[in-house]
Every structure is written in structure tokens, then in C-alpha cells.
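This report describes the nonpolar cores and the pockets of a predicted model. The sequence and structure are shown first.

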Amino acid sequence: MVMASDLTHWQRRLEKHFEELLSRRRREDRPVFGLEHGLDETERRQLIDCVQVHIKQQRPCWDHRLVWVVYASEFGYMYAGDEYWQTFETQTPGWEQHGDRYWIRRCFQDFHKRYAGAKPTGPWARHFSIICWPITHAILPRDLQRQLARILYDLRYALSSEVLASPRRLGDLIAARSWNASSRFQQLAEQPLFLGQIATALLLQGNGTGATLIHPTTLSRISADVDRERRARAWLRGARESAQRRVRFHNIRGQEIGHGRGEDAVEKVDATTTLGIEPRLVLRPVGPNRWE
């Protein structure tokens, strides 16, 4: 039988993890998300099992509030536009007898105060004042990943180094392009700073910047889930290559200006010119069975 002490173990581990994450985020002035718990797949399953055994027998305990933030965020990540609480209750036997949605919101509000957790904003958050917390802390639920990958691909030529240096600016750009996205995605776009933080991390993953925006384990998880869908993988790869090319272009140009003139400078200019090329290929029919 799983005892409450197991949840105490998870609570203490999560406290240590989020305190360390907060110390880094304070310097960067960026929010912390519940999905950034740093647990691998096996550990996530163990935590979920402990919560589900506990709630079958008794009410949730305030001393385990971080565990519940992570648990609710995990359901937010799996959320696909259906009724969140219906899925939550179905997969959490005992919740209807012992649980309380308002209590979950208090857990997230405490997380916001203690660990600079992300605070939902916008019309959707005001209207859905409880569910907005776990959905926001899921960062990028699976059903929205394909849409973001497509929009980033469509915007790839607009991803300048200036835009990539400002998550808020990138978020505004994505929000403006999301007019034909699902209502769920448009709800995410009501928080352009969060959206830009997510998008920047995905675009710059692997160059050292992405890991400072989203916890590396969480970023790798989201990226791997995007990669499982062939079209989404191709879109994100195309957008990422364009973004990272722009960053390299910007860095080399800065070095050229800083090092002065001469043969080295000429080589750097040639390099930036090469990196700056954005070829566009057009396929057109020139006969019944021929294309050019």
C-alpha cells in the first residue's frame, strides 16, 4: 500500500528542484512552469500512481501542493480540447469524493507566489479562472504543437535576430499569424510573452539559449513529441534551421564589425553574405507531364 509519506518524498524533491530553478529564473526575469518538474517518464508515472492511490482514500493535503501542481500540469499537457475536468476525474478515481477544483487553483496560486510560477492572463483566463492554471502550466499541450510548428514555418523568413532576441516580440508575431488557428491556439496567443518564450526555446534548441527559457528535460520532451508527427517535424526543422542561420549571421556580422578590416574581414563579409541567402524555389508545369 502506498502511504502519504511517498507524496511527502515527492513534495520535498520538487521543492528542491523548483527552488533551484527559481534561483536561475530570477536572474532572467522569466516565469516557471509546473511542467518543468525535471522528472523522466518513469518518475512521472510513479508520481501519478502515488497521487491516484492517495486520493482514493483521503482528501489532498496542503503539504503535498507541489505534487498536485505537477499532477494537474501533466493532465494539462495531455489535454486535447475535450473537457479537462471530465478527463481529470475519470483518471483520478476518488477525486469526486475527496477533491476540490478550487483547491487546485489555490495550489497554483501558491506556486505563483513562491516560485514565480506563470500567471494566466487575458480574456480566456478571466473567463475560465480555474482550468487556465493547469493549461498554462502545461506550456504547450500536445494538440497545439502541430499548429505552432506550422506557424513558425510560415514565419521562418520573418525570424530576424532582433525578433529572436525578444520572446515578447516573437509571441506578438505568432499571435498576429494565428488568425486561422484553432480557438485553443488563439487562447494561448492571448499570452504572447509565454508563447514567445516557448517558441524561442524550440527554435534555438541546441545552441544553449533554449535551455535558459525552458528546463532542458521539458524542452526535449516537447520537441520529441513534435517530432513524432511527420509534418510537424518537417515544419519545426525548417523554421529552426532558418532561425539558427539568422543567429549565426548576426553573430558573424558582429565579429566582423568588432575586428576591423583586412582579409579576415572580407572573409567574414563573404560568410555573412552566404548565410544571409534565402533561396526560393518555384515549381511550374511546362507541359502535360513536365515540370521546371
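## Terms

A pocket is an open set of grid points with protein on both sides within 12 Å along at least five of seven lines, and its lining residues have an atom within 4 Å of a point.

## Largest pocket

The largest pocket of this predicted model has a volume of about 370 Å³. Its lining comprises 18 residues, and those nearest the centre are Glu-41, Arg-44, Glu-74, Arg-142 and Arg-221. Two or more lining residues come from each of helix H2 (41–57), helix H3 (65–78) and H15. H2 gives the most, with 5 residues. By class, the lining holds 9 charged, 6 nonpolar and 3 polar residues.

## Second largest pocket

The lining divides into 7 nonpolar, 4 charged and 1 polar.

## Nonpolar cores

The largest nonpolar core has 41 residues, and Leu-140, Leu-148, Ile-174 and Phe-185 have the most contacts inside it. Elements that give two or more residues to this core include helix H9 (142–154), helix H11 (167–177), helix H12 (183–188) and helix H16 (230–259). The largest share, 7 residues, comes from H13.

Beyond its neighbours within four places in sequence, Leu-148 is in contact with Leu-140, Ile-174, Phe-185, Leu-195, Ile-198 and Leu-202. Apart from this core lies another of 39 residues, among them Leu-14, Val-51, Trp-95 and Ile-130.

Conventions:
Residues are numbered from 1 along each chain as its sequence is written. This is a predicted model: local features need pLDDT of at least 70, side-chain atom pairs count only at pLDDT 80 or more; totals for chains, interfaces and linings use all residues. Side-chain values use heavy atoms; hydrogens and water are left out. A nonpolar core is a set of buried Ala, Val, Leu, Ile, Met, Phe, Trp, Tyr and Cys residues joined through side-chain atoms within 4.5 Å. Buried means under 20% relative accessible area, exposed over 50%, partly exposed in between (1.4 Å probe, protein chains only). Helices (H or I, at least four residues) and strands (E, at least two) are DSSP runs, numbered from the N terminus. Contact means heavy atoms within 4.5 Å. On a 1 Å grid over the protein atoms alone, a cavity is a set of points where a 1.4 Å probe fits but cannot get out, and a pocket is an open set with protein on both sides within 12 Å along at least five of seven lines; lining residues have an atom within 4 Å of a point. Grid points are joined across faces, edges and corners, and a volume is the space filled by probe spheres set on the points. Ala, Val, Leu, Ile, Met, Phe, Trp, Tyr, Cys and Pro count as nonpolar, Asp, Glu, Lys and Arg as charged, and the others, Gly among them, as polar.
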